[in-house]
Amino acid sequence: MYYLVNGEVLTVNRHRTHVVEVGKVKIGGDNPIVVQSMALGVHIDSDNIKNDSKKYAKEIIELERAGSELVRIALNSEEVARAIPYIVEEISKEGLDNKILVGCGQYELDKLIQDYPDNIKMLGKIRINPGNIGFGDKRDEKFERVIKYAVKHNIPIRIGVNLGSLDKYLSQKLMDENSLSSNPKSSDVILRKALIMSALSSAKKAEEIGLSPDKIIISCKVSKVQDLISVYTALAKSSNYALHLGLTEAGMGNKGVINTTAGLTYLLQNGIGDTIRASLTQRPGESRTDEVIVCQEILQSIGLRYFNPQVNSCPGCGRTSSDNFRILTEKVNDYIKDCMPIWKHDHPGVERMSVAVMGCIVNGPGESKHANLGISLPGYGERPVSAVYKDGKYFKTLQGDNIFEEFKVIISKYVEEHYAYK
């Protein structure tokens with residue numbers, strides 16, 4: 001695997017991990033980084049399970065259509081466990097494999113697998129939080145029961161440790177030992193250590209119970225970028241388990257996107273991570289699919305995967321003194337987005353196409369020549385005259401009021417000519 005920096009091809013040496021198969025999805029090894037998300041979900045009423053399940057399934061389908069290869073649901077009630085067959089029925093109507101569903105278990109998990117074993121086994125993967133699976137003497141008993149269930153039904157397990165729900169016994173023990181040390185560390189260092197120890201010791205225990213290492217994924221989620229980098233760098237050095245990356249709570253808007261990008265990009269470029277999620281807080285009315293798009297954009301921006309043609313455009317300045325450039329850029333982006341469901345199916349490889357929409361003659365021609373297709377406006381009022389470049393060479397000049405319509409035809413023909421039908 002590789003990515004480009006200043007035109008130089010740099011190799012990404014992936015952290016060697018076991019390959020975990022979740023339905024048709026392969027996580028780890030040399031397989032592509034897997035994008036996943038979590039459904040916000042709906043309240044499922046015990047008297048209206050079938051109809052509520054349709055609403056739940058609708059969100060899952062929307063996330064899958066956006067590109068989420070696994071979709072997590074919260075196993076937080078008997079109603080959700082009872083709804084699983086209905087959810088599976090609905091997503092199957094849309095051609096989705098029920099194994100894309102991941103059950104996120106916390107306090108209720110042990111009881112649910114006992115009360116609804118046939119429903120839970122329909123899921124592709126189960127997430128266990130060692131800090132919440134049980135407490136006191138019951139913790140090991142419940143953990144063992146869940147692992148034995150997973151072994152029996154051939155279900156992969158993500159051992160997901162969170163800083164906010166860390167095993168209190170382990171963290172306090174390490175804190176006490178640290179306070180007695182002649183060279184005590186900061187509490188942050190001790191908590192990071194506790195996260196790693198909790199995940200690895202739980203994974204080892206799962207193996208002892210009978211779970212194969214190629215059925216184990218580990219995550220140690222935190223909310224600070226530097227903690228994320230430190231913890232996963234240590235995890236990668238300490239084990240060969242497949243790793244799930246993500247901040248526990250990335251935040252809302254730009255903050256959430258930037259935090260996620262900063263943490264995941266560093267780790268991915270250093271070969272760490274096999275599956276990712278952007279845990280964004282959505283604004284009211286905002287689509288949950290945004291977290292899928294962020295993950296895709298991160299992977300595509302560093303050259304690890306390709307999902308959609310890349311449209312490069314300049315920010316505009318005093319030389320682009322009207323709205324023509326921004327309107328053209330928006331139209332090109334929207335046109336490609338609208339065409340992609342068909343192009344992706346009929347023209348494999350189109351996701352690697354690059355298009356440049358540039359606002360003036362300073363960088364316009366040069367950037368356009370570096371793209372598969374480029375269009376450059378003249379700037380200074382953006383007169384209706386635009387030079388078009390194809391594969392690095394001048395192609396033609398478009399003039400008048402129908403520049404976008406004519407450029408749209410050029411894009412469509414390029415796709416048909418360069419990305420063969422299946």
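**Exercise 1. Which residues of helix H9 are buried?**

Work this out on the predicted model shown above.

*Solution.* Start by locating the helix: H9 covers residues 253-269, 17 residues in total. From its first C-alpha to its last it reaches 24 Å, close to the 24 Å expected at 1.5 Å a residue. Next, apply the cut-off for burial, which is under 20% relative accessible area. The residues of H9 that pass are Gly253, Gly256, Asn259, Thr260, Gly263, Leu264, Thr265, Leu267 and Leu268. To read the spacing in such a list, remember that an α-helix has 3.6 residues a turn, so residues three or four places apart point the same way.

Now look at what these buried residues pack against. Their partners are the helices H8 (225-238) and H10, together with the strands E11 (242-245), E12 (251-252), E13 (275-276) and E14 (280-281). Finally, step past the end of the helix: H9 is followed by Gly271, which has a positive phi, near 75°.

**Exercise 2. Find out how many disulfides the structure holds, and examine Cys220.**

*Solution.* Recall first that a disulfide is a covalent bond between the sulfur atoms of two cysteines. The test used here asks for two cysteine sulfur atoms within 2.5 Å. The structure holds zero disulfides. For Cys220, the nearest cysteine sulfur belongs to Cys104 and is 15 Å away. Then check accessibility: Cys220 counts as buried because its relative accessibility is 0%. Cys339 is buried too, with a relative accessible area of 15%.

**Exercise 3. Describe the lining of the largest pocket.**

*Solution.* Begin with the space itself, about 1,300 Å³. The pocket is lined by 36 residues, and those closest to its centre are Ala66, Gln296, Phe307, Asn308 and Lys344. Then assign the lining to elements. Helices H1 (49-66), H10 (290-301) and H11 (324-346) and strand E15 (310-313) each supply at least two residues. H11 gives the most, with seven.

Key:
Residues are numbered from 1 along each chain as its sequence is written. This is a predicted model: local features need pLDDT of at least 70, side-chain atom pairs count only at pLDDT 80 or more; totals for chains, interfaces and linings use all residues. Side-chain values use heavy atoms; hydrogens and water are left out. On a 1 Å grid over the protein atoms alone, a cavity is a set of points where a 1.4 Å probe fits but cannot get out, and a pocket is an open set with protein on both sides within 12 Å along at least five of seven lines; lining residues have an atom within 4 Å of a point. Grid points are joined across faces, edges and corners, and a volume is the space filled by probe spheres set on the points. Helices (H or I, at least four residues) and strands (E, at least two) are DSSP runs, numbered from the N terminus. Buried means under 20% relative accessible area, exposed over 50%, partly exposed in between (1.4 Å probe, protein chains only). The expected span of a helix is 1.5 Å times one less than its number of residues. Contact means heavy atoms within 4.5 Å.
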